Amino acid sequence: MTASLPAHSASHAASFDSARLLADVGGTNARFALELAPGSFEAVQVLACGDHASFADAMRAYLASPEVAAFGKVEHAAVAIANPVDGDRIRMTNHHWQFSIEAVRREVGLQTLLVVNDFYALARSLPHLGEGDKVQVGGGSPRAGAPLGLLGAGTGLGVSGLIPAGDSWTALNSEGGHVTFSPANELEVAVLQYAWREFEHVSAERFLSGAGVELIYRALAHVQGLALEPLAAPEISRRALAGECELSKQVLEVFCGMLGTVAGNLAVTLGAQGGVYIGGGIVPRLGERFAASPFRSRFEQKGRFASYLAGVPTYVITAEYPAFLGVSAVLAEKLSA
């Protein structure tokens, strides 16, 4: 399997002396690729984390596969991981893997092994996304040299931003998904009151995540006095998109409205006139339903700052493996330094 950057990014790039290993590790799957030249990815493989006792085992399994081994020895690697990264020790919160970065580097036989947070890597990918890697949902043109915002709902709510720094960018290691949720209308007040029954502190992530879709579903059923049919988030989304369940359709409407408010908050906080990008596993699957949702109107619903936000573009990231672009940029900077 092969993936690559748009032609304008990779067509004139010289090959590296040796292939570079890139990885995007989540709680369920670890995605690997070899980068042969800037923006040229080969041998993309997705390995189930549960099939390997350790992260080092998964790396060795990938490198030993015939498709990968044919490219020769790998010297340098960079990994995006769905976990805070603070120092050498990694202990995954949504999987049993724990490891020392330096120990894995030696065990696998690498000269360089960088490990960064997945949303840090995703933020670093933003300047490298081609037109086919994103879909604009409202707003005007991005302002050159302005900050970019990033958030994405999946297992949790990831938040980051990209700040111009000379000829490069600085990505934010943010935990913005845990800001206190703020309702924007009476229905959301009722949903919040329901959530307080379960949680002392209700963050934005409590609603803007897979578990959040289920929480909104339970809350709306309670508010409307409906019998509750236990459903997981994927089934709620499926029923909503298929038009099979009015309550599920309401859940997506509320979810998208809430996301619009949080995205607008991020835009005004960062001054993100370069645009706000939406990643994660939920929104890209909604397709046209997201564009038709309250997301964009709620994004702009900031009173005296409505006209400011009306000009800020919002994008849904549609690239299949955007984290590879980010860790590629981080590794290239490390090696050039």
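The UniProt annotation "binding site", which comes from an unreviewed entry, covers Ala23, Asp24, Val25, Gly26, Gly27 and Thr28. Of these residues, Asp24, Val25, Gly26, Gly27 and Thr28 are included in the lining of the largest pocket, as computed here on a predicted model.

Two members of the annotated stretch can be followed in more detail. Gly26 is placed in the loop between strand S2, residues 20-25, and strand S3, residues 29-37, and Thr28 also has its place in the loop between S2 and S3. Is Gly26 buried or exposed? Its relative accessibility is 15%, and because buried means under 20% relative accessible area, Gly26 counts as buried. Thr28, in contrast, has a relative accessibility of 58%, and since the cut-off for exposed is over 50%, Thr28 counts as exposed. When neighbours within four places in sequence are left aside, Gly26 is in contact with Cys49, Ala82 and Met92, while Thr28, under that condition, is in contact with Leu47, Ala48, Cys49 and Gly50.

Most residues other than glycine have a negative phi. Ala43 is also buried, because its relative accessible area is 2%, which falls under the 20% cut-off.

His96 takes the description to another loop, the one between strand S6, residues 89-91, and strand S7, residues 98-100. How far apart are His96 and Ser54 in sequence and in space? They are separated by 42 residues in sequence, and their C-alpha atoms lie 8.4 Å apart. Not counting residues up to four places away in sequence, His96 touches His52 and Ala53.

Helix H5, residues 118-125, packs with helix H14, residues 322-336, at an angle of about 85 degrees, and their axes are 7 Å apart. Because angles of 65 to 115 degrees count as roughly perpendicular, H5 and H14 are described as roughly perpendicular to each other. On the H5 side the contact is made by Tyr120, Ala121, Leu122, Arg124 and Ser125, and on the H14 side by Pro322, Ala323, Leu325, Gly326, Val327, Ala329, Val330 and Glu333. Sorted by class, the residues in this contact of H5 with H14 are nine nonpolar, two polar and two charged.

The other arrangement involves helix H6, residues 186-196, and helix H10, residues 246-270, whose axes come within 12 Å and cross at roughly 100 degrees. This angle also lies in the range from 65 to 115 degrees, and therefore H6 and H10 are roughly perpendicular to each other. Leu187, Glu188 and Val191 of H6 make the contact with Val254, Gly257 and Met258 of H10, and by class this contact has four nonpolar, one polar and one charged residues.

Helix H10 also contains Thr261. Which residues does Thr261 touch, not counting residues up to four places away in sequence? They are Ala184, Arg298 and Lys302. Thr261 is buried, because its relative accessible area of 11% is under the 20% cut-off.

Technical notes: Residues are numbered from 1 along each chain as its sequence is written. This is a predicted model: local features need pLDDT of at least 70, side-chain atom pairs count only at pLDDT 80 or more; totals for chains, interfaces and linings use all residues. Side-chain values use heavy atoms; hydrogens and water are left out. UniProt positions are given in the numbering used here, feature names are shortened, and annotations may be inferred rather than shown by experiment. On a 1 Å grid over the protein atoms alone, a cavity is a set of points where a 1.4 Å probe fits but cannot get out, and a pocket is an open set with protein on both sides within 12 Å along at least five of seven lines; lining residues have an atom within 4 Å of a point. Helices (H or I, at least four residues) and strands (E, at least two) are DSSP runs, numbered from the N terminus. Buried means under 20% relative accessible area, exposed over 50%, partly exposed in between (1.4 Å probe, protein chains only). Contact means heavy atoms within 4.5 Å. Axes are lines fitted to C-alpha atoms, for helices over the stretch in contact, and angles run from 0 to 180 degrees between N-to-C directions. Angles under 35 degrees count as roughly parallel, over 145 as roughly antiparallel, 65 to 115 as roughly perpendicular and the rest as oblique. Ala, Val, Leu, Ile, Met, Phe, Trp, Tyr, Cys and Pro count as nonpolar, Asp, Glu, Lys and Arg as charged, and the others, Gly among them, as polar.
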